[in-house]
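Thanks for coming, everyone. I'll go from the whole chain down to single residues. Please have a look at the structure first.

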Amino acid sequence: MKKRAIKIVTICAIILFCILWIFGEKTFSLKLDEVSKIEIFNGHTGHSIIIQDKDEIEKIVNNLNEVSMRWKEISFLKLGYSLKFSVYNEQGKKMNSFIINGEDYVRKTFFSYKVIKGKLNYEYFYELVEKNGV
């Protein structure tokens, strides 16, 4: 009986952790000193840009880190996007990848998030790709 109670408590704790993880507040938490380049691809036009300028990277990372998001929906079957970001470290390894579809809408892996604190500088990102991208 005691083993069964322990199993039930363990399963409940795991389920609770998963629920809190999925529905909890999320941030990008990018470390500026680890980011060497950011690639942004515009899904509407096919243009892309690779940003390696430290000042530009700092501006983008600071904006991303200023926002907090909350889970909105499961989105693993959704296709298409506006801006796809890929963030790379000094070794050229992709650290993070996500999609921004507006000032307050982010997709990561299988989930979509709504920005609840701060504001993504979507217009700036979009124009950056369109003015300087290929």
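Let's begin with a residue in a loop. Ser-29 is exposed, with a relative accessible area of 52%. On the cut-offs: buried is under 20% relative accessible area, exposed is over 50%, and partly exposed is in between, with a 1.4 Å probe and protein chains only. Ser-29 sits in the loop between β1 (25-27) and β2. Its phi is near 50 degrees, a positive value in a residue other than glycine.

Before I go on, the ground rules. This is a predicted model: local features need pLDDT of at least 70, side-chain atom pairs count only at pLDDT 80 or more, and totals for chains, interfaces and linings use all residues. Residues are numbered from 1 along each chain as its sequence is written, and side-chain values use heavy atoms, with hydrogens and water left out.

Back to phi. Most residues other than glycine have a negative phi. Thr-109 also has a positive one, near 45 degrees. Its place is the loop between β7 (105-108) and β8 (111-117). Thr-109 counts as exposed, at 68% relative accessibility.

Now the whole chain. How many helices and strands are there in the protein chain? There are 3 helices and 8 strands. Helices (H or I, at least four residues) and strands (E, at least two) are DSSP runs, numbered from the N terminus. Along the sequence, the pattern reads α-β-β-β-α-β-β-β-β-β-α. The radius of gyration is 18 Å, well over the 14 Å that the globule rule gives for 134 residues, so the chain is more spread out than a compact globule. That radius is taken over C-alpha atoms, and the globule rule is 2.2 Å times the number of residues to the power 0.38. The C-alpha atoms fill a box of roughly 65 × 30 × 25 Å, taken along the principal axes.

Ala-5 is in helix α1 (residues 2-23). Ala-5 is partly exposed, with a relative accessible area of 41%. From Ala-5 to Val-67 is 62 residues in sequence and 41 Å in space, C-alpha to C-alpha. Ile-57 and Met-1 are 56 residues apart along the chain, and their C-alpha atoms are separated by 57 Å.

Next, surface and burial. Buried residues make up 34% of the 134 residues. The accessible surface comes to about 8,600 Å², and 59% of that belongs to carbon and sulfur atoms. Areas come from the Shrake-Rupley method with a 1.4 Å probe; for residues, only the protein chains shown count as cover.

On to contacts, meaning heavy atoms within 4.5 Å. Take the contacts between residues at least 6 apart in sequence: 66% of them join residues at least 24 apart.

Which residues of helix α3 (residues 122-132) are buried? They are Tyr-122, Phe-125, Leu-128 and Val-129. Seen down the axis of α3, these fall within an arc of 135 degrees, so they line one face of the helix. The arc is that of the directions from the helix axis to the C-beta atoms. As background, an α-helix has 3.6 residues a turn, so residues three or four places apart point the same way. The buried residues of α3 pack against β2 (37-42), β3 (48-51), α2 (54-66), β5 (83-88) and β6 (94-100).

Let's visit some of those elements. Ile-57 is in helix α2. Ile-57 counts as buried, at 0% relative accessibility. Setting aside neighbours within four places in sequence, its contacts include Leu-32, Val-35, Ile-38 and Ile-51.

Ser-86 lies in strand β5. At 6% relative accessibility, Ser-86 is buried. Beyond four places in sequence, Ser-86 touches Lys-37, Ile-38, Glu-39, Lys-94, Asn-96 and Ser-97.

Asn-96 is in strand β6. Asn-96 is buried as well, at 14%. Among its contacts, again leaving aside neighbours within four places, are Phe-28, Leu-30, Ser-86 and Lys-108.

Last stop: Ser-68, in strand β4 (residues 68-74). Is Ser-68 buried or exposed? At 9% relative accessibility, Ser-68 counts as buried.
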